[in-house]
Amino acid sequence: MEFFDFHHHKKNIRNGIYNLDIEQIPPDFPYSIGIHPNDIDIADIDHQMVWMKDMMFQNCFAIGECGLDSLVPTDQKIQEEVFLQQIRISNEVKKPVIVHCVRKFYEVISFKKKAEQPMIIHGFNKKRQIAEDLLANNFHLSFGKAVLYNLSLQDILKTTPLDKFFLETDNEDFEIEELYLKVSEIKGISLDDLNEQILENLHTIKNG
Ligand SMILES: [Zn+2]
């Protein structure tokens, strides 16, 4: 069985969403394109935006990863401005937004109002209250490797509605199949059903 990897950085994985590096040429499989807070080049931001718009080909599945990161030295106001610009692009091109967020969840929630397309928090690994607030605000959550060993995260996943999550490897070196197996166990559903559910979720976010 093939398992969809919602967010990854590995060129050898075709069944998933490959996150383009800044200024990279897109591959011939699904990808996301965006400006990560860490990659914002204030002196060159207009050019970075042009790159985004010019590289949005047929296989572009989503905008991102983009968002807010309190650990990145770039000024928060600038991060917010660049995030907002990307949300506007997502509205224009009608593609979902894959969100990178570090310690800025309530700011990200406040930006949801500006988004007309689904927003997915990738690499979710925080407390239950934050998960609940995100879900209540109609975000999707994408879970990664931490689910394999983090019991409180497993507990959060257990109560996350089936139609509200995705699974990803991100930068981590492990097989996505391992995560699907773990999650099918946590949710008490078969691997087949889980696989089908994730494909259905993809379909849902693709259609806004
Ligand atoms: Zn990533």
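Analyst: Glu65 is a buried residue, since its relative accessible area is 5%. Here, buried means under 20% relative accessible area, exposed means over 50%, and partly exposed lies in between, as computed with a 1.4 Å probe on protein chains only. The structure is a predicted model, in which local features need pLDDT of at least 70 and side-chain atom pairs count only at pLDDT 80 or more, whereas totals for chains, interfaces and linings use all residues. Residues are numbered from 1 along each chain as its sequence is written, and side-chain values use heavy atoms, with hydrogens and water left out.

Glu65 belongs to strand β4, which covers residues 60-69. Strands (E, at least two residues) and helices (H or I, at least four) are DSSP runs numbered from the N terminus. Apart from residues up to four places away in sequence, Glu65 touches His7, His9, Asn19, Ser32, Gly34, Ile35, His36, Ile98, His100 and His122. Contact here means heavy atoms within 4.5 Å.

According to an unreviewed UniProt entry, Glu65 and Asp170 carry the feature "binding site". These two residues are spread over 106 residues of sequence, yet they cluster in space, with a largest C-alpha distance of 10.8 Å. Of this pair, Asp170 is included in the lining of the largest pocket. On a 1 Å grid over the protein atoms alone, a pocket is an open set of points with protein on both sides within 12 Å along at least five of seven lines, while a cavity is a set where a 1.4 Å probe fits but cannot get out; lining residues have an atom within 4 Å of a point. As for the annotations, UniProt positions follow the numbering used here, feature names are shortened, and an annotation may be inferred rather than shown by experiment.

The unreviewed entry also lists His100 and His122 under "binding site". They span 23 residues in sequence, but no two of their C-alpha atoms are more than 6.1 Å apart, so they gather at one spot. Both His100 and His122 are part of the lining of the largest pocket.

His100 sits in strand β5, residues 97-102, and is buried at a relative accessible area of 13%. Its contacts, leaving out residues up to four places away in sequence, include Glu65, His36 and His122. The side chains of His100 and His36 are joined by a polar contact of 3.3 Å. A polar contact is a pair of N or O atoms within 3.5 Å; within protein, one must be able to donate a hydrogen and the other to accept it, and residues adjacent in sequence count only if both atoms are side-chain atoms.

His122 is found in the loop between β6 (119-121) and α4 (128-136). It is buried, with 8% relative accessibility. Beyond its neighbours within four places in sequence, His122 contacts several residues, among them Glu65, His100 and Asp170. A polar contact of 2.9 Å links the side chain of His122 to that of Glu65.

Asp170 lies in the loop between β8 (165-167) and α6 (176-187), and its relative accessible area of 19% makes it buried. Not counting residues up to four places away in sequence, it touches Asp5, His7, His8, His9, Lys10 and His122. The side chains of Asp170 and His9 form a polar contact of 3.0 Å.
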